[in-house]
Amino acid sequence: MTSTFDAARQIHNETDRFVTFHRCSACDRVLSIPEFIERHCEECKGYTKPVAVKERVS
Ligand SMILES: [Zn+2]
């Protein structure tokens, strides 16, 4: 049971925050929300397979 509390405390003490965004797998451009939903890259003018990227924000 204590391990659960330890894990919770670690998360609480974690000061780094992460944002998740999506990149086009072809051109590496960051996709907008509509582009991500529609799987459509404006740069490639077609279907894209979005790649989820996590980035630390301070
Ligand atoms: Zn693209």
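Two remarks on conventions come at the start. This is a predicted model, in which local features need pLDDT of at least 70 and side-chain atom pairs count only at pLDDT 80 or more, while totals for chains, interfaces and linings use all residues. Residues are numbered from 1 along each chain as its sequence is written.

Let me begin with confidence. The term pLDDT stands for the predictor's confidence in each residue, from 0 to 100. The protein chain averages a pLDDT of 86, and 79% of the residues score at least 70.

Next, the architecture. The protein chain holds two helices and four strands. Here helices (H or I, at least four residues) and strands (E, at least two) are DSSP runs, numbered from the N terminus. Read from the N terminus, the order of elements is α-β-α-β-β-β.

How many of the residues count as buried? Of the 58 residues of the protein chain, 9% do. By definition, a residue is buried if 20 or more other C-beta atoms lie within 10 Å of its own, exposed if 12 or fewer, and partly exposed in between, with C-beta atoms placed from the backbone. Strand β4, residues 50-57, illustrates the point: zero of its eight residues are buried, so the strand lies largely in the open.

I turn to contacts. Two residues are in contact if their C-beta atoms, placed from the backbone, lie within 7 Å. Among contacts between residues at least 6 apart in sequence, 42% join residues at least 24 apart.

Strands are said to pair if DSSP finds at least two bridges between them. Within this pairing, His-22 stands opposite Ala-52 in β4.

Two further residues of β1 deserve attention. Thr-20 lies in strand β1, and it is exposed because 8 other C-beta atoms are within 10 Å. Leaving aside residues up to four places away in sequence, Thr-20 touches Ala-52 and Lys-54. Thr-20 and Glu-55 are 35 residues apart in sequence, yet 6.4 Å apart in space, C-alpha to C-alpha. Arg-17 also has its place in strand β1. Arg-17 is exposed, with 9 other C-beta atoms within 10 Å.

Now to the loop between β1 (17-24) and α2 (33-38), where Arg-29 is found. Is Arg-29 buried, exposed or partly exposed? Arg-29 counts as partly exposed because it has 15 C-beta neighbours inside 10 Å. Not counting residues up to four places away in sequence, Arg-29 touches Arg-23, Cys-24, Cys-41 and Glu-43. The C-alpha atoms of Arg-29 and Glu-43 are 7.8 Å apart, and these residues are 14 apart in sequence.

Asp-28 lies in the loop between β1 and α2 as well. Asp-28 is exposed, with 10 other C-beta atoms within 10 Å. Its phi is near 70°, a positive value in a residue other than glycine.

Where else does a positive phi occur? Lys-45, a residue other than glycine, has a phi near 55°. Lys-45 is found in the loop between β2 (40-41) and β3 (46-47), and it counts as exposed, with 8 C-beta neighbours inside 10 Å.

Thank you for your attention.
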